[in-house]
Amino acid sequence: MKETDREAVATAVQRVAGMLQRPDQLDKVEQYRRREARKKASVEARLKAAIQSQLDGVRTGLSQLHNALNDVKDIQQSLADVSKDWRQSINTIESLKDVKDAVVRHSQLAAAVENLKNIFSVPEIVRETQDLIEHGELLQAHRKLMDLECSRDGLMYEQYRMDSGNTRDMALIHSYFGSTQGLSDELAKQLWMVLQRSLVTVRRDPTLLVSVVRIIEREEKIDRRTLDRKRQTGFVPPGRPKNWKEKMFTILDRTVTTRIEGTQADTRESDRMWLVRHLEIIRKYVLDDLTVAKNLLAQCFPPHYEIFRSLLRTYHQALSARMQDLAAEDLEANEIVSLLTWVLNTYTSAEMMGNAELAPEVDVALLEPLLSADVVSALLDTYMSTLTSNIIAWLRKALETDRKDWMKETEPEADQDGYYQTTLPAIVFQMFEQNLQVAAQISEDLKTKVLVLCLQQMNSFLSRYKEEAQLYRDEHLRDRQHPHCYVQYMVAVVNNCQTFKESIVSLKRKYLKHEVEEGVSLSQPSMDGVLDAIAKEGCSSLLEEVFLDLEQHLNELMTKKWLLGSNAVDIICVTVEDYFNDFAKIKKPYRKRMIAEAHRRAVQEYLRAVMQKRISFRGAEERKDGAERMVREAEQLRFLFRKLASGFGEEMDSYCDTIVAVAEVIKLTDPSLLYLEVSTLVSKYPDIRDDHIGALLAMRGDASRDMKQTIIETLEQGPAQASPDYVPIFKDIVVPSLNVAKLLK
């Protein structure tokens, strides 16, 4: 309290200090005192009122508690009186047992009297019910059946209440109503028959289906009442519960399964397209059935049955089981494709579950897969394995067919641009295209895998193609008269390489996504190199054919006959031009390279004739004539190959300058300048060797022994360095059995 007083005094002091801060406020002290007195009186009055209110509440509560205590004592006395009276009446209750038994018997007799009419009319009701079932009046038949069962169950219940252990009387009642169970079974058969044909019945006579559903609903209510009475009394009538609703769904499940399994009308032996037909029939039936179920059947069932959702689940499960059975069979590659396409694409497409008629009740995103990922993977592995074997066999057969065409006596066909070709590229890539189109129907991943497989097999195929082209060339070289159209078909082989290149690029562009193209390209060996090698060998074989025909005329070069005026080079030019008229049917990329190679080889053959020491000039005049002739013939060759290359828009490398350079060495009249001329020749053509120089000096016929030795030894000491873009021309020219020691003698 002291602490509170101190706080109050401190507060008052602070309050007074706030009021009296200026001298003029001292005049209002009396006014402040009166105001504070009024506030104090008001607070004291409120406190007194609050305390008085609390005291009145306590007084009222005490009064109510006193009254409650008196009431409890009165009730206690009343309960004691009731207990006393109940103990006195126990003996009276025991004496009324006979009355109780009489009441039970009276109740039983009353029930018997009440059902007496039904009991006597049981045989007649059974006959009427049987007739109604036979005539399809199912609702009326069920009503009478319910009356029979109600009479039987009522009598049996009363007997159970009176004496549950009396099995003889229970058996008697059950026997008297024995036909009831048979009628129930017969009616059930009719119901199940209607349900089995529900999708047809709902279109023709929906009222019949509604009647069946009403009967099942009635039986469900009776089953529920029976179970409730069982929990109370323990009594269960015979044949209960019937569970017809559960049996109804079982019948619908079995009907759906039978319907799907029964759609297979053919086998592989009778029809190669049996699976496609089977799956198409399933698709049509399921779509039609679910459309009818959604639009018509659902209206015949109570909403809580969710009949459409139930049928959708049943169809999905039945389809899944059927697809698993089909997947377990020994399917061929095309059958695996048909199955997977149907399962992965058709099933969820607008042609089936994604159809607008089934929306929004059917959400394809929520449908579980018909086949598990493991089964799909196993099928894809089988398909890829089978496809690999088939592609290998198809490629082998295509190559064999093409190989037979090479032996024909008629020229190969030409494309729209006039280039020779065979049907091999078209056959191969048509086969690839078909398989890729099929794979694309299943998934992007499978399409990529099939493309990789095709490229792998294409790579192996090209190796065999290369071998066959080599065998074809070797067979021709053994007898150059056969095959008759060797040149034309070898041209077609070369052109096929370009077609293969273009087709591979087109195939990748069409069936390979850009983001995975690089990965596939890195994982696959480059086929361009193989195709270029095949084309190069083909071109070499064709040039070999040309130079075999030129061999006789090439042998005339650098001989006495040549020096006296041979027309060998004229014939060579005419022959080469004639061959290249045929080679005009080779596609440009390869024809350009072929012209360059022919140019190079023609010059090499000319130089080889120089190096074979077929002639040794006997004077400056002969050297001059021979050199001038070499220059003229070099110009002839230059003119020929420029003419052949004119269609390519660029000038070919002039190998003919090499002949002119060699002619300058031969033409030189001052032997003292020979070393300088030879040095110039070596600097231009770094691949020229000692034996070449020796053969060239021997051909001149005027170089002294010391000069030959000096030139060769000096050139050996400082070999020239070749430029990076230099194409060797002397490297492959062999000087036969001619060494420096012999030349120096």
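Helices (H or I, at least four residues) and strands (E, at least two) are DSSP runs, numbered from the N terminus. By that numbering, Pro360 sits in the loop between α14 (333-346) and α15 (373-405). This is a predicted model, in which local features need pLDDT of at least 70 and side-chain atom pairs count only at pLDDT 80 or more, while totals for chains, interfaces and linings use all residues. Residues are numbered from 1 along each chain as its sequence is written, and side-chain values use heavy atoms, with hydrogens and water left out.

**Cis peptide bonds**
- Pro360 is joined to Ala359 by a cis peptide bond, with omega about 0°.
- Another cis peptide bond, with omega about -10°, joins His482 and Pro483.
- Pro483 belongs to the loop between α17 (444-478) and α18 (486-511).

**Positive phi values**
- Asn243 is a residue other than glycine with a positive phi, near 55°.
- The loop between α10 (206-233) and α11 (244-261) holds Asn243.
- Asn243 is partly exposed, at a relative accessible area of 33%; buried means under 20%, exposed over 50%, and partly exposed in between (1.4 Å probe, protein chains only).
- Met558, also not a glycine, has a positive phi near 60°.
- Met558 lies in the loop between α20 (527-554) and α21 (560-565), and Met558 is buried, with a relative accessible area of 0%.

**A buried histidine**
- His278 is part of helix α12 (residues 274-295).
- His278 is buried, as its relative accessible area is 1%.
- Neighbours within four places in sequence aside, His278 is in contact with Ile260, Thr263, Gln264, Arg322 and Leu326, where contact means heavy atoms within 4.5 Å.

**Surface patches**
- Patches are made of residues with over 30% relative accessible area and no salt bridge; like charges are joined within 9 Å, and nonpolar side chains (Val, Leu, Ile, Met, Phe, Trp, Tyr) within 5 Å.
- A salt bridge is a side-chain nitrogen of Lys or Arg within 4 Å of a carboxyl oxygen of Asp or Glu.
- Accessible areas come from the Shrake-Rupley method with a 1.4 Å probe, and for residues only the protein chains shown count as cover.
- Val16, Leu20 and Leu26 make a nonpolar surface patch of about 250 Å².
- Val16 is in helix α1 (residues 2-19) and is partly exposed, with a relative accessible area of 42%.
- Arg34, Arg35, Arg38 and Lys39 form a surface patch of positive charge.
- Lys and Arg count as positive and Asp and Glu as negative, while His and the chain ends are not counted; the place of a charge is NZ of Lys, CZ of Arg, CG of Asp or CD of Glu.
- Lys39 is in helix α2 (residues 29-94) and is partly exposed, at 41% relative accessible area.
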